[in-house]
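Subject: Structure handover

Hello,

Here is the structure I promised to pass on. Please open it alongside this note.

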Amino acid sequence: MNGDAPSADLTAPSGPSPVAPATLRGRTAAAVRRQPPGAWLTGLAAALLYTVFSVTQWNRLDAPSWDLGIFTQLAKAYAGVDAPIVPIKGEDFNLLGDHFHPLLVLLGPAYAVAPSGLTLLIVQNLLFGLSVAVVARTGMRLLGPAAGIAVGIAYALSWGLQSAVAAQFHEIAFAVPLLALGLEALLAGRVLPAVLWGGLLVFVKEDLGLTVMALGLVIAWRLRSVAGLWLAAWGALWLVLSVRVVLPALNAAGQYDYSDRIDAGAMIADPAGAVVGLLTGTAKHETLLLLLLAGGVLFLRSSLSLVLLPTLLWRFASGQEGYWGPEWHYSAVLMPVLFLGLVDGTHSLRSNRRRWVRSVALLGVPAAVAACLVLLPTQKFAVLAEPDTYRQSARWDAAHRMMGLIPAGATVESGVVLMAYLVPDTRVYWLGNANPAPDYLIVDADDWSWGATRPADAEAHAEQRFPGTDYTLAFDEAGYQLVRLER
């Protein structure tokens with residue numbers, strides 16, 4: 001300051017201190033300095049590994065489901081500040097009438113910067129990497145640097161996250177770091193952050209309202225805080241609102257499409273049979289065994305393990321067998337709970353007065369790491385050791401030359417494999433729905449969407465599928481046929 005300092009003016013209006021910004025910067029810098037570099041490096045390394053896997057999938061034209069195409073259309077809509085209309089699911093289909101995931105609006109800005117299905121995969125990988133950093137950070141705080149990093153690595157390579165990365169983008173990408181952050185705050189005794197992070201889960205997917213209820217009850221019990229009960233009520237409220245009000249209101253059929261997955265009436269009528277049914281099935285046994293192995297068993301010592309129950313119960317109670325096993329993305333939300341439960345269980349046993357109990361605590365993390373390493377060759381990332389994984393599809397050039405013939409803004413009907421690649425420039429329909437006649441139609445001889453019967457003549461197929469139309473062959477190479485509607 002130039003000149004003499006002025007005398008204090010007692011009549012001057014009060015306001016923020018001129019040193020407040022500097023203080024805020026100092027506090028922020030101090031908070032950054034307190035972050036353990038090892039945890040963030042582990043998270044970054046995990047995100048890079050996941051991205052390598054995703055890029056190889058993308059370059060191989062490997063599409064395990066239609067979900068990446070669906071969520072790419074959703075992100076495209078949000079980037080244009082539009083409702084999430086997803087023609088892949090059906091003409092004028094609002095995806096908020098399928099599952100309740102308003103938090104996915106955050107995909108819009110990322111997609112606007114880089115309009116590609118690959119962008120969604122990278123976003124998911126970064127979110128998973130963030131959760132790895134949080135789990136490792138918590139482990140370092142409670143168990144020490146070496147054990148914390150070990151837990152972070154075992155978590156990063158866990159079968160649940162590997163399966164989710166391989167299944168490509170799903171809304172649970174946001175749930176995984178939110179759960180990690182909420183549970184970290186819980187273990188640190190910080191009620192408000194635990195409630196805030198946990199509360200956001202209801203906007204990721206409707207079934208997570210059950211998880212929020214369980215998390216709230218654990219917070220109420222462990223931290224002796226009424227805020228946990230409010231969080232449980234919040235989860236119950238949004239579960240009911242989403243399933244009974246929001247989803248039916250936005251669904252074309254006026255219903256919740258997944259209400260028939262669990263036969264609640266039969267379970268109530270025969271509770272003993274329902275209990276037996278919950279635990280019957282090889283796929284369910286495999287999931288439970290993998291949880292026990294990955295969590296080093298000691299996660300059962302933690303009350304956090306109760307947060308696993310809602311997801312396991314609705315999956316095992318469902319008649320949809322695809323929910324039961326360790327495949328796909330359904331177990332990703334279990335992983336932060338499992339590994340932070342391991343950290344908590346190990347930490348509590350370390351302070352036990354009995355020596356043999358403290359000795360058991362020494363086995364938890366090594367057991368989890370050993371299980372991770374033993375399981376690796378059987379998991380999704382095992383393909384990263386194969387040279388062919390890094391080779392671009394032999395059909396890549398042909399596919400992109402064909403897609404380049406389709407004008408921007410045109411409508412196109414396709415199988416699953418090329419949908420995510422087509423979405424940025426066109427309006428895409430899936431061949432399995434009743435669609436309006438598209439401007440272009442693709443027959444991909446290698447696309448699994450066709451099942452056992454694949455059309456040999458794309459022109460004849462298109463004209464039979466859409467009577468009264470006239471389609472002309474525009475491209476025929478490498479198993480791809482593209483036909484154009486003549487107007």
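Below is what was found, starting with the ground rules.

This is a predicted model, in which local features need pLDDT of at least 70, side-chain atom pairs count only at pLDDT 80 or more, and totals for chains, interfaces and linings use all residues. Residues are numbered from 1 along each chain as its sequence is written, and side-chain values use heavy atoms, leaving out hydrogens and water.

Five strands make an open, mixed sheet in the order 2-1-3-5-4. Strands (E, at least two residues) and helices (H or I, at least four) are DSSP runs, numbered from the N terminus. Two strands pair if DSSP finds at least two bridges between them. Strand 2 (427-430) and strand 4 (471-477) are the edges, each pairing on one side only. Strand 4 pairs with strand 5 (residues 480-485) through six bridges, in the antiparallel sense. Threonine 472 sits opposite arginine 484 of strand 5.

The helix pair. The axes of helix 8 (residues 172-187) and helix 10 (residues 208-222) come within 11 Å and cross at roughly 10°. Axes are lines fitted to C-alpha atoms, for helices over the stretch in contact, with angles from 0 to 180 degrees between N-to-C directions. Helix 8 is therefore roughly parallel to helix 10 (angles under 35 degrees count as such).

Best wishes

Key:
Parallel < 35°, antiparallel > 145°, perpendicular 65-115°, else oblique.
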